[in-house]
Amino acid sequence: MKLLDGAGVRADDYERADAARAQALPAAIVPYAELAAAPPADGRRRVGVEVPNTVAPDQIAPFFGRLSLIAVGFPTTGDGRGFSLARRLRRAGFRGVLRAVGPLIADQFPYALACGFDEIELPDSSAQRQPPTQWKRAGAAMTLWYQQGYARPASILEQRRLARQGGQNV
Amino acid sequence: MYRYDEFDERVVRERVAQFRDQVARRLSGSLTEDEFRPLRLQNGLYLQLHSYMLRIAIPYGSLTARQLRQLALIADKYDRGYGHFTTRQNLQFNWPKLREVPDILSLLADVDMHCIQTSGNCIRNVTADQFAGVAADEIEDPRPIGELLRQWSSLHPEFSFLPRKFKIAVGASENDRAVLKAHDLGVRVVRRADSGELGYEIHVGGGLGRTPMIGKIVRDFLPRGQLLAYVEAIMRVYNAEGRRDNKFKARIKILVHEIGLDAFRDRVEREFAAVGVAAAQDENEELTRIAACFAPKPYARLLARSDSFEAAKALNPAFADWTESSLHPHHVEGYAAVTVSLKPIGGVPGDMTSDQMRAFADIAERYSFGELRVTHAQNLVLPHVKKDDLFALWRMLAKSDLAADNAGLITDIISCPGLDYCALATARSIPIAQAISTRFADRGRQRDIGPLQIKISGCINACGHHHVGHIGILGLEKRGQESYQITLGGDASENAAIGELLGPGLGADDVPPAIERIVDTYLELRNEGETFIDTVKRLGVGAFKTAFFVGERNEAA
């Protein structure tokens, strides 16, 4: 397993654990089924949950205050449900770390970040084929986008508007 | 016509570089074929039976002469000197080489074109009424919303890995010429009778393929400025809830069908409320910016009646025949929109050679402000021709073998590429179209039969729209043999309907005589002035079944 974020590869502090073992760990990710039994995150302990991409955001929203991380599963490269789930979790007010877990490819990295993810946990098989330099390059491949309201700098529409206003002021 | 600004230009340039890098990563083994597939598909690159196939987007079917010339150049330099226009108003090249594709994309970018999202499980090229901006019966030009949607859906961070493909069509007339109801999403510009306010009627869940369905109205009036927010809500509900367990049940039509229109609408409206329309002002401003590119042409002030046109018709019956099937009313007096059939008798529907493209580009510049359109019926349109120029135009078209006088008639057949090209096909389509076309070649006979749409698909995926053909032909494979099912009564218009199966499958050779028996039955049973489709609707498919079976026995004997 390899963990990547916008800055590059980094160490994963979290361990997968059941709710009982999570009590004794500094940072643990529990399965969704154990969410209710998991200890709350606090100043000393970080607690995350791994959810399937079919979960309803309002099912987890009551736990937001107890969670420092939500990991969303991407079962395959082509299954894009996690992108919408991330958007809805952010909209519902989750401010902790959002992690995408699964065989994503470098080209999906900027999409994941735009939808609200902070990091991607890759299986070894994909990580071996796609070195971090590729992720960096893919992240910078497109510098412009049309969609507004995603977690990235000004959209083309906003830039056009700014240009128009600038033109009027001159 | 929409012209790229610096931002649009940079997007396609960066996209070309991105695809070049993706191809390099595939060739080096960084990406597996499974991982590369969605990337190449989202760039319009298919692996077909004999070769790769590259599908080029022609947003809302609008092209300029300059763009068509560039397509001709690509056809000569990288392909075999021709291209194929599709039912989604795209152009396909059938023989490109993988390593040359980035260079082709670069040539396309030079003329404001691309292959973005012409395939794959994403939002596809937006199609439109081919008479948009021209038709006398439209409320307004729907192409600006087509362009708005094209931009918004391009390289979307959230909706590029959908359960399945997602097709959008736009129109602005009571008369549906864009098959809105056979699309995942159909947007029709409407005007409120009471207030005169303009807005959108939103159709959802239409589609052909294995499970044909007619789209349903999910919102009868959506105010201006809220389109992108509403479409975002629909897409999010679909992305989250569309089925992914079975590819054949993954289109939005199945979701709408399984949970029901009301439940679907509730979810969309709830999501829409959460998305909010704070950006309505932005959308209207952007729409205004785009619409300026589609401003009316500098038309001449002409009389509605052209004496020279009337005189030429009277003197030249062949010209008169051609005008009868090729002209559509233009909203400006003295002008006409001209459909140019790409269906010469016995030809391949929708194919055009590079020489024809260049000649047509010249013609468009001379007679139609340098603009042309691609229709979903695989024909072209010159949108703005002076009636005074029609005779000269017709003679020039004839020089390039582009003056077929059959638009809308029985030999104007829609056909997918079928087993001659396509990896998915179960039977040939093009040779069937050619055989029927040849059988009904006689112009007098075609004219007597009147408007009749035959649509042929070479597999259940229905790229040839057979379900909505007045006569639909579906090619299947049965025990190693091609077998063709015939349906009757399909309708691609605002009265959209799915055709009904007439009988058991036929061998390829038996299809043209069967079509002939159906047509003969119509000629026998029609009331005066009644079209084929109206006769089928009045009498039902049953009336044709009897003749179909009787005829079949006679021919077997």
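Buried residues make up 55% of the 557 residues in chain B, where buried means that 20 or more other C-beta atoms lie within 10 Å of a residue's own, exposed means 12 or fewer, and partly exposed is in between, with C-beta atoms placed from the backbone. Please keep in mind that this is a predicted model, in which local features need pLDDT of at least 70, side-chain atom pairs count only at pLDDT 80 or more, and totals for chains, interfaces and linings use all residues. Residues are numbered from 1 along each chain as its sequence is written, while chains are lettered from A and ligands numbered from 1 in the order in which they are written.

Let's stay with chain B for a moment. Its secondary structure comes to 18 helices and 20 strands; these are DSSP runs numbered from the N terminus, helices being H or I with at least four residues and strands being E with at least two. The radius of gyration of chain B is 23 Å, close to the 24 Å from the globule rule for 557 residues, so the chain is as compact as a globular protein of that length. That radius is taken over C-alpha atoms, and the rule is 2.2 Å times the number of residues to the power 0.38. Along the principal axes, the C-alpha atoms fill a box of roughly 60 × 60 × 55 Å.

How is chain B divided into domains? The assignment, which is automatic or from a database, gives domain 1 (6-109), domain 2 (142-292), domain 3 (314-399) and domain 4 (414-556). Between domain 3 and domain 4 of chain B, the C-alpha centres lie 27 Å apart. Their contact takes 8 residues from domain 3 and 9 residues from domain 4 of chain B, and two residues are in contact if their C-beta atoms, placed from the backbone, lie within 7 Å.

Now for the sheets. In chain B, 5 strands form an open sheet in the order β6-β7-β8-β9-β10, with mixed pairing; strands pair if DSSP finds at least two bridges between them. β6 (127-128) and β10 (216-223) of chain B stand at the edges with a single partner strand each, so one side of each is left without a neighbour in the sheet. Inside this sheet, β8 (residues 185-191) and β9 (residues 198-204) of chain B run antiparallel and are joined by 7 bridges. If you want a pair to look for, Val189(B) stands opposite Tyr200(B) in β9(B).

Another open sheet of 5 strands in chain B has the order β16-β17-β18-β19-β20, again with mixed pairing. Its edge strands, β16 (414-415) and β20 of chain B, each pair on one side only. Here 8 bridges join β18 (residues 471-478) to β19 (residues 481-488) of chain B, and the two run antiparallel. Leu474(B) stands opposite Gln485(B) in β19(B).

What about the core? The largest nonpolar core has 200 residues; such a core is a set of buried Ala, Val, Leu, Ile, Met, Phe, Trp, Tyr and Cys residues joined through C-beta atoms within 7 Å. Helix α6 (residues 227-241) of chain B gives the most to this core, with 11 residues. Ile234(B) is among the residues with the most contacts inside the core. Not counting residues up to four places away in sequence, Ile234(B) touches Leu185(B), Val204(B) and Val268(B).

Next, some loops. Gln117(B) sits in the loop between α4 (101-109) and β6 of chain B, and its phi is near 60 degrees, a positive value in a residue other than glycine. Leu155(B), in the loop between α5 (143-153) and β7 (168-171) of chain B, also has a positive phi, of about 50 degrees, although it is not a glycine.

Are these two residues buried or exposed? Gln117(B) is buried, with 26 other C-beta atoms within 10 Å, and Leu155(B) counts as buried with 23 C-beta neighbours inside 10 Å. Pro504(B), in the loop between β20 (500-501) and α16 (511-525) of chain B, is exposed, with 11 other C-beta atoms within 10 Å.

Finally, chain A meets chain B through a contact that takes 32 residues from chain A and 36 residues from chain B. The elements of chain A that give two or more residues to its side are α3 (81-91), α4 (109-114), α6 (132-140) and α7 (156-169).
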